[in-house]
Structure formats: C-alpha cells, structure tokens
Amino acid sequence: MPRIVSFLIFFVIVLLVMSSMHWYLWTRFVRDTQLGTPWRQIITTVMAVMLLLLVAMPVTWRLFEGFIPSGLMTVIYLWMGFVTIAMVVVGGLDIGRMAFEQGYKLLASAPVPVDESRRLALARLFGGTAVLGAVGASVMAARSALGSPMLRKVSINLTKLPKELDKISMVQISDLHVGPTIRRAYVQDVVDRTNALNADIIVITGDLVDGTVEELAHDVEPLKDLKARLGVYFVTGNHEYYSGVGGWMRHLPTLGMRVLRNESVRIEHNGGAFYMAGVDDWTAYQFGHGHGADLEAALADIPEDACTVLLAHQPKQVLAAAERKVCVQLSGHTHGGQIWPFGLFVRLAQPYVAGLANHHGTQIYVSRGTGFWGPPMRFGAPSELTHIELRAAMA
C-alpha cells in the first residue's frame, strides 16, 4: 500500500507540474503571439500530445515494465528537457520584461496608452527570441550530456586514515543510468577512461541501471573489464529498485563487483587498513524483501578508531553517518540538479547537491553523476567521472 500511495502522489505531482509548464509556454508561444491557422492548431496539438505522453510515461513504465520503445522514450525525454529549458528562458525573459515595464511606468509622467499593434509585435519578438534561446540552450545541453563525462579530481583529508594509505586513490562512478538513452558505447567509454586512471579502488554509488537484467545485460557487459587492485564496490540507488533489484544483485557479482548491502569489508594495503562500508538506498525499505538502509549493521564490525569510507547513494544519509563519526561518505543521486536551476529545488530534499563538504566532522562528496536521467541534457551541471585521492591528515 505505501508504494501505491507514493506512486499516486508522484503521478499527481507530475501531472500538475507538467500541465502548468505547458500552459505557461502555450500562452507565451501561441496565445500572446496570436498565431494564425494552421500554426496555432499544429503547435497546440503537438504540445497536448507531448503532455499526454509525458504524463503517461511513468505509469506505463512502472506498470508494464519498460513497454515504451526506446526511440519513443528518447523523443519524450528530449521534449521534457526542451520544456524545462524553455521554462528557464521564458521565465527569465518575463522577469526582465516585467522589470522594464514597471521601471518605465515609474519614470513616465503620464499613463502610457496601450498600442495593440505594438504589443502584438513585442509579444511575437518575445516568443521568437524565447524559442531560439530555448532551442540553442537545448542543443548545448544535449552536447554536454552525450559527450564523455568530465574528469573531476578531488583530494579528501582524513585524520583517521593510516599514513601508510596516504594518497590511496579511488574512482567514483555514480548515476550512470544505463537504459533507454545510455547504452553500451557510453558504458565502454566510461570503463576505458576509468581504467586509464589506474586507481586502487573503484566505487559505484547507485543508480547504475534503468531496466532489468534481461534488457540491459549486453549494455552493462563492459563493466566486467573495470580494473582496480583493491576491488570494485557497489551500493544500490533508488533506480535499482525500479529495475528488478533481485536480478541485479545476482548479476553484478558476475561482472566482478562486490555488492555492499549494509555491510563492510576491511581493506589492507601497504601495511595499513581502513574499512569500506555500504548501505542500501534510503528508499529501499519500501520494496520489502529485507531491503532497507541499516547503518548500524554496516558499521557493526568496525573498530571505533578505524577510518571508514561509507558508500550511500543519497546525501541525506550523512545525517546518521556523522552521528557515528564516519570519516567520509561518497554519494550521488542529485545529478547536481542536471538542468539548472533544479539544483536549487534538490536542496529541499538533500543537505548537499554537489561537491565536497564537511558535515559535523564527517566529510561528504556528492557526485553530479556520470550519466544522466530522463532528458539526455545537462545544463549548468556537467556529468563527471570522479578521481578521489584520500590523504592522511594530521589530527
């Protein structure tokens, strides 16, 4: 029952948000510009159909397990991205226009008469500028998402890390979202670039897939070639639970990954040691079958004075990690907002959106994600492959 209720709430939110966005854009692009027939009918029909597809997509995807063809999914996601970016462009232009109009009225010595022909000309200039701006920004956002993720180097100082392990290196892959819009070629590129870094450890912090093992086994196959002398470790994200988590928990070890489910492993190197712990995703308890984040279980066998690296998909899990004095938490989930300004809204649900921070003594690094979800677009939040160096800091 909780899953049904949460899905209904999600559906209603999607319906309200998408309907409002489409109506707002329709008023600016169609109504205010007084487009004539047949353009008015064509654009209105296209926007209505795409809105229906956007609203129907999550229902169809969940109920019929990926029934939507990947080509249609790509079109729907591209439209979702275009509408989002168009909202940013039109909203920005609207704010600028309103500020100009109010300033002009304040400076005018008498009421400004309304000139309908001038108003219509300005509305059409506004609409054309907005469309061109949205299309241009969408093209740049698509190029950013579909290109190779940028390499981001991060150094993290840890007082509990033994000096023998100073400069031990990790590569973090997060939120790859292999599925309808990210396929084998992209995965192979990530694997090749990761192996070129020659890291000691590779960690994958959830949301690896958007689809079942049967659908995506071929696309994720290159992951078996990931090489790290001290191992490859994985924890679940929320999307694994939409994608047949049981099958993936059985399949990922065949690709050479150690799946950490509320447990830890001791890692020894150069005469020093630390612990790698991992917890299920924050939402996993909703799916039953023994899943659910359990930090106490993950840390149960770790000495209090030991250095612990915690893999937890969602940044909010740092709240409990800091209480247990975990050295550092590596997370993803947020995508850094993916399309600006959504990062501002992500802060309502997560304490950290991207980058390195210190939460009451526990360091946390949040990756912007190595892939993308939904629209194959990134605007103001480029994807990343994170090369992390752990430093043994003086207390």
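Select P341 to start: P341 lies in the loop between β9 (328-331) and α10 (342-346). Helices here are DSSP runs of H or I with at least four residues, strands are runs of E with at least two, and both are numbered from the N terminus. The bond joining W340 and P341 is a cis peptide, with omega about 10°.

This is a predicted model, in which local features need pLDDT of at least 70, side-chain atom pairs count only at pLDDT 80 or more, and totals for chains, interfaces and linings use all residues. Residues are numbered from 1 along each chain as its sequence is written, and side-chain values use heavy atoms, with hydrogens and water left out.

Jump to P38. P38 sits in the loop between α1 (2-31) and α2 (39-63). The peptide bond from T37 to P38 is cis too, with omega near 5°.

**Whole chain**

Zoom out. The protein chain carries 10 helices and 12 strands. Its C-alpha trace spans about 80 × 50 × 40 Å along the principal axes. Of its 395 residues, 52% count as buried (buried is under 20% relative accessible area, exposed over 50%, partly exposed in between, with a 1.4 Å probe and protein chains only). Take contacts between residues at least 6 apart in sequence: 77% of them join residues at least 24 apart (contact means heavy atoms within 4.5 Å).

**Aromatic stops**

Select Y242 and F287. The whole structure holds five aromatic pairs. In this one the ring centres are 6.1 Å apart and the planes meet at 55°, so the Y242 and F287 pair is tilted. Rings of Phe, Tyr and Trp (its six-membered ring) pair if their centres lie within 6.5 Å; planes under 30 degrees apart are stacked, over 60 edge-to-face, and the rest tilted. Y242 is in the loop between β4 (232-235) and α7 (245-251), and F287 in the loop between β7 (272-278) and α8 (295-299), so the pair ties together parts 45 residues apart in sequence. Y242 is partly exposed at 32% relative accessible area, whereas F287 is buried at 15%.

Next, R97 and F126. The charged end of R97 sits over the ring of F126, 5.9 Å from its centre. For that label, NZ of Lys or CZ of Arg must be within 6 Å of the ring centre and within 35 degrees of the ring normal.

**Buried and exposed stops**

Select Q314, in the loop between β8 (308-311) and α9 (318-323). Q314 is buried at 4% relative accessibility. What is Q314 in contact with, leaving aside neighbours within four places in sequence? Show D281, W282, T283, Q329, S331, H333 and Q350.

Move to A273 in strand β7. A273 is buried, at 18% relative accessible area. Beyond its neighbours within four places in sequence, A273 is in contact with P162, L165, R266, I267 and E268. Draw a C-alpha line from A273 to A123: the two are 150 residues apart along the chain and separated by 66 Å.

K153 belongs to strand β1 (residues 150-158). K153 is exposed, at 66% relative accessibility.

**Positive phi**

Finish with two asparagines. N198 is in the loop between α5 (184-196) and β3 (201-205) and has a positive phi of about 55°. N262 is in the loop between β5 (258-259) and β6 (263-269). Its phi is near 55°, also positive, and N262 is buried at 13% relative accessibility.
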